[in-house]
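The sequence and coordinates are shown first.

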Amino acid sequence: MESLTNLTLKNNRLSGSGAFFDALNESSITSLNLANNHFSDQIPEDICDWVDDNGVTYLDLKYNRFCPPYPQCLNIYAWGGEDPFQFQDCCGGSPETDDCMSDIDGNNYPVVHLGSQSWMAENLVVTHYRNGDPIDYVLDAGWEQSDTGTYNYYQEGNGHSWQYKLGNLYNWYAVNDDRNICPDGWHIPSDYEFKQLEMYLGMSEDESNGEDWRGTDEGSKLAGFGTLWENGPLEQNDVFGTSGFNAPGGGYMAPDGGVTQPRWFAYYWTSTEYDSINAWNRSLHFQKQEVKRDMENKHYGYSCRCVK
């Protein structure tokens, strides 16, 4: 890489970052764009020396599933605002610690502790149940007809996938399957467990028991990563992202197929059934600072979080 000054590396699964950054230190690169790669270890602290010595003018490290801890200097150098390490990974050392967890597919997730609860801090992307059976991946045309667990995810018209930024969208039948989509020791939250989270963030008990939009700014607290939301009151609130829950605007899958309104909405299933047709859910909207509690048809595709 000695003669290179600009390097873009996208959509690669690499066995480790150590050798890559060693070579980077010996290079003349001043512009580095890494995107949607899957590294498996940590960013070395001496990357900051490379930035200083080479006079680096552009550095983008987002969405590469790097392992913590992250060099603090990169909060200044790297593109991405206050958190250039959004949607990385928590796989440093063992993925099973108090602050991270992994699913059966080997995807690792950061964990945020809120009150007496521990929550995944990213949306679920697992494609197998806990016992190893695959969850059905169903295309738009077949979505409404499925009364078994299915998932899909947002893809742009050019085929670009947002799966690892926004997570998968699951129908409620996947949520309710006895084989479980959450790892051992974790589960999809009940309606009551979501109420506990909302009350911890400041919502009154009376408000939590209501329906439709409730609370004051709890939605802004639950949301995160402003680049994954349309600009509006949700993001403009000073408490945006402060809980660490970091809900992105993942949109939803309508019963008749098609992912709708990413960056506008975030919908989350609960495990609590309302009746034979509907189940309870939570939603956020870019023009609202509150949290909506509602029941909806089980054929909708919503994001999922696991809790314990």
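Predicted model: local features only at pLDDT ≥ 70, side-chain atom pairs only at ≥ 80, totals over all residues.

## Negative surface patch

Asp-22, Glu-26, Glu-45, Asp-46, Asp-49, Asp-52 and Asp-53 form a negative surface patch. With three residues, helix α2 (residues 47–54) gives the most to the negative patch.

Asp-46 belongs to the patch and sits in the loop between β2 (31–35) and α2. The relative accessible area of Asp-46 is 31%, which makes this residue partly exposed.

Asp-99 is partly exposed, its relative accessible area being 47%. The C-alpha atoms of Asp-99 and Tyr-109 are 8.6 Å apart in space, while the two residues are 10 apart in sequence.

β4 pairs with β5 in the antiparallel sense, over three bridges. Within this pairing, Cys-100 has Pro-110 in β5 as its bridge partner. The hairpin of β4 and β5 has five residues between the strands, and Gly-106 there takes a positive phi near 90 degrees.

Strand β5 (residues 108–114) is mostly covered, with five of its seven residues buried. β5 also runs antiparallel to strand β6 (residues 117–120), and four bridges join the two. Val-111 has Met-120 in β6 as its bridge partner. Two residues lie between the strands in the hairpin of β5 and β6, where Gly-115 has a positive phi near 65 degrees.

## The sheet of β7, β8 and β9

Three strands make up an open sheet with mixed pairing, in the order β7-β8-β9. β7 (136–137) and β9 (169–170) are at the edges; each has a single partner strand, so one side of each lacks a neighbour in the sheet.

Two bridges pair strand β8 (residues 150–152) with β9 in the antiparallel sense. Opposite Asn-152 stands Leu-169 in β9.

## Helix α6 and its charged residues

Which residues of helix α6 (residues 191–200) are buried? They are Asp-191, Glu-193, Phe-194, Lys-195, Leu-197 and Glu-198. Gly-202 follows α6 and has a positive phi, near 120 degrees.

Glu-198 has a relative accessible area of 0% and is therefore buried. The side chain of Glu-198 meets that of Arg-214 in a salt bridge, at 2.6 Å from N to O. This pair links distant parts of the chain, since Glu-198 is in helix α6 and Arg-214 is in strand β10 (residues 212–214), 16 residues apart. Glu-198 and Arg-214 are both buried.

Glu-198 forms a salt bridge with Arg-282 as well, where the closest N and O atoms are 2.8 Å apart. Arg-282 is in strand β14 (residues 278–285) and Glu-198 in helix α6, so this pair ties together parts 84 residues apart in sequence. Arg-282 counts as buried because its relative accessibility is 2%.

Side chains of opposite charge can pair when their charged atoms come close. There are 12 salt bridges in the structure. A network of salt bridges links Asp-191, Lys-195, Glu-198, Arg-214, Arg-282 and Arg-293. Among these residues, Asp-191, Lys-195 and Glu-198 are buried residues of helix α6.

Another salt bridge is formed by Asp-294 and Lys-292, with the closest N and O atoms 4.0 Å apart. Are the two partners buried or partly exposed? Asp-294 counts as partly exposed because its relative accessibility is 21%, whereas Lys-292 is buried, with a relative accessible area of 19%. The two values fall on either side of the cut-off, because buried means under 20% relative accessible area.

Methods:
Residues numbered from 1 in each chain as written. Heavy atoms only, no water. Patch = residues over 30% accessible without salt bridge, like charges linked within 9 Å, V, L, I, M, F, W, Y side chains within 5 Å. Areas by Shrake-Rupley, 256 points an atom, 1.4 Å probe, with all protein chains shown as cover. Lys, Arg positive; Asp, Glu negative; His and termini not counted. Charge placed at Lys NZ, Arg CZ, Asp CG, Glu CD. Buried < 20%, exposed > 50% of the residue type's maximum accessible area, 1.4 Å probe, protein only. Pairing = 2+ DSSP bridges.
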